[in-house]
Amino acid sequence: MQMPDPNQAIIARKAHLVARLKQVLPEGAVIHSDNEVRAYECDALTAYKCPPLAAVLPATTAQVAAVLRICHEEAVPVVPRGSGTSLAGGALPTADAVILGVARLTEVIETDYDNRFIRVQTGRTNLSVTGAVEQDGFFYAPDPSSQLACAIAGNIAMNSGGAHCLKYGVTTNNLLGVTMVTMEGEIVEIGGAHMDSGGYDLLGLICGSEGQLGVVTEATLRIIAKPEGARPILLAFDANEVAGACVSDIIRAGLLPVAIEFMDRPCIAACERFAQAGYPDCEALLIVEVEGSDAEIDEQLAKIKAIAATHDPVEMRESKSEAESAAIWAGRKAAFGAMGQINDYMCLDGTIPVSELPFVLRRIRELSAEFGLDVANVFHAGDGNMHPLILFDANKPGDLNTCEALGAEILKLCVEVGGCLTGEHGVGIEKRDLMHVQFDAADLEMQVRVKDVFDPGWLLNPAKVFPLDATEARRAARDVPQRQTQDAAIA
Amino acid sequence: MNDVTDTVLTPDTEQQLAEMVRAAHAQRTRLAIRGGGTRPYGNPVRADAVLQTSGLSGITLYDPGALTLVARAGTPLAEVEAALAAEGQMLPFEPMDHQGILGTTGTPTIGGVVATNASGPRRLKVGACRDSLIGVRFVTGEGHVVKNGGRVMKNVTGYDLVKLMAGSHGTLGVLSEVSFKVLPKPQSVATLVWSGLDDGAAVALLAAAMRSPYDVSGAAHDPASGRTLVRIEGLEQSVSYRAQALSQDLSSRGAAQIIEDDSAAIWADIRDARPLCDGQGDIWRICVKPSDGPRVVAAAGGHPALYDWQGGLVWLRMPQGTVLRDRIAEYPGHATLMRGTDKRAFQPEPMPVARLSQGLRTQFDPRGILNSGKMI
């Protein structure tokens, strides 16, 4: 994965820049020693590392604005960082970049149950948003696997999903407003506690823009009243195709489970060894969760069982209690850890139309044999968001390259069948060079032009999302925007 | 609302559409974009020709097992809804029909729904049109064909121009194709009706209903009839259980009548703001924090009003020419003039936002030929 060469002139000005940043930030909020900046050299895509020039940890929106104004004046690239859990390299710095971390922005600003929103600073973790309202019967719906650690800022940047978005949607569907600071250091309020935009949907544009349009410091999030209860059923099948058909039938029948999770044999086996969840010996396994009162859950599960029965399941295991629910989820929730214990792995994130599931799983098996690396599949089947895990050995020369090549083939396959490169992790650097598989030049040009509007100097997380050759001229120009002229034109 | 013009362009394919817009860009011909012509609100458009999208018609893909539907922008909304209904599915966001309040007649198109981000009572639970929209194809003001999103419901590949296009009123591009995530039609519906509550009590009741775990899918109040309405949808037994439970939970606020048989007409009236359609005056559509709804109506002078979205969507009919925004300025949100004449049909944006919006317009349509003036 290529990153742009760092600007040596910026690196030479490090002392000057650090001194300026220290003037606007509290003691200890500017990290610049060679040892300490190493903590920010990568995110959860650990295959790529580069210590930044410096890292800053502002504690207020005003401090974020001050930092960005300085970096804008000095023409220094800025890489925003939530908790550093990105699997796509979204927070990977370059040697001439300042990391802007939101870790000290953790306050709850307002909670309003009548209007069902919470306003938080965006360094707050996903799970602690729910933590702030659950005693009053509410929750925040998007639930990425990293929810214990990941920050709302990163969730907004990547438009994160989770297991339960079949019913509740992803971040963008649960975001009502933001306070955002532009690269020029201007504070912008977008949306609020009301619904929808009166003009262009800038909120929708910012969500999922991977920290390239602005730094979001505060967010108004939709909170939802907790359902009375939830229980899963485990369905085991002797073929992936059959499990895929069952998913489709459940959806067609008009049922809307909150989650439909799918695991294939390699994944089931690894989870068994790791978590001893007691999963049946089978080729494919579904965990289907429904919500409501006890009677409502029974009604839905009965319908799901009736549908599954027409597909000759190896086993159906309906949870009747909290303990049984936990046992059913135990293996699934341990899946990534289980894989990590066996091997290094790369987690892909393509989405496919649900109807293409059997074909795609068959092709992945063929590709896996062709490249000589095992692939385990665990994913959100209801919405077609796949997470093939490619197992490789980081210590074996060439294995990472083979793994990336196989990953690219699988993602191309997802696009070919009508899907996309990434369903919830984001492009970052990981899928950057595959963007042309999904988009042609005109498609990419309009996205790039959006960045031109928000960050004309191309300083904010500039080497992400778009193939480097598509943005090279813009990154090279780094021209200072003609703000006054623009304002005059509108007035 | 448009300048009188005789020229009507009617492309039959996306390619023709792109050629026409390219030519218009080259000749600086300003185009008024028209789907079914049933939603012509906004500022007057300065145009030299009409670009009519009705030739771009037809459902191009419908995969009920994946809950996805793709249609060309000029496809009649009714055709989309009929195809979905045949499979027991629906557009989740209940798009409103503007013909009542605007006094228009025509065939609403799916592209028009997207261009106006038209949503109805269920918006409260499942989101607006923009939340169900998962893909677009459109032609920019320079005549380039651009796609964004696709046909899968989880997709974070690149920037989300899909949401940007929703509600952009044809000023950033001409939609040629739109994709949706759809939902199963509820098997059963119950509507709880309270009578005689004042606006404040009604909106407080709606907030309490939304705080319950009973998955409410509609929360409206019609001061004219004095009825406060809460809708519950889903599987049959579940609906009657939740309706009973909610009615019991809220019994201290008044006794609810539960309508178990067809209440579709009640919700269609709310969706289309029917109670306000008749009578003279300007019609405003206001989005605020739900609990601010009654305060907004009071500040406006208590004129005929209708509340949807728990109070977060307020419809008001005001004497012609009322400068409403000044009266309700202290309540964050936005007010759109749907019917009437005012210099600015859309809420004026504060400076940083206005500059970003203007910047986007310039990038997507550098010569300002698409629905020129409509949103400014």
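**Notebook: where chain A meets chain B**

I started with polar contacts between chain A and chain B and found 31 residue pairs, both residues at pLDDT 80 or more. A polar contact here is a pair of N or O atoms within 3.5 Å; within protein, one must be able to donate a hydrogen and the other to accept it, and residues adjacent in sequence count only if both atoms are side-chain atoms.

I noted that this is a predicted model, where local features need pLDDT of at least 70, side-chain atom pairs count only at pLDDT 80 or more, and totals for chains, interfaces and linings use all residues. Residues are numbered from 1 along each chain as its sequence is written, chains are lettered from A in the order in which they are written, and side-chain values use heavy atoms, leaving out hydrogens and water.

Next I looked at the whole interface. I found 97 residues of chain A in contact with 81 residues of chain B (heavy atoms within 4.5 Å). The buried area is about 7100 Å², with 58% from carbon and sulfur atoms; this is the accessible area (1.4 Å probe) lost on putting the two parts together, summed over both.

Then I turned to charges. I found 11 salt bridges across the interface of chain A and chain B, each a side-chain nitrogen of Lys or Arg within 4 Å of a carboxyl oxygen of Asp or Glu. One joins E87(B) to R252(A) at 2.4 Å, N to O. I also looked up K167(A) and D215(B), whose side chains form a salt bridge at 3.4 Å, N to O. K167(A) sits in helix α7 of chain A, while D215(B) lies in the loop between α8 (199-211) and β12 (216-222) of chain B. Helices (H or I, at least four residues) and strands (E, at least two) are DSSP runs, numbered from the N terminus.

I saw α17 (residues 441-454) of chain A pack on α14 (residues 351-364) of chain B at about 145°, with axes 9 Å apart. Axes are lines fitted to C-alpha atoms over the stretch in contact, and angles run from 0 to 180 degrees between N-to-C directions. Among the residues that meet are M446(A) and F454(A) from α17(A), and L356(B) and F364(B) from α14(B).
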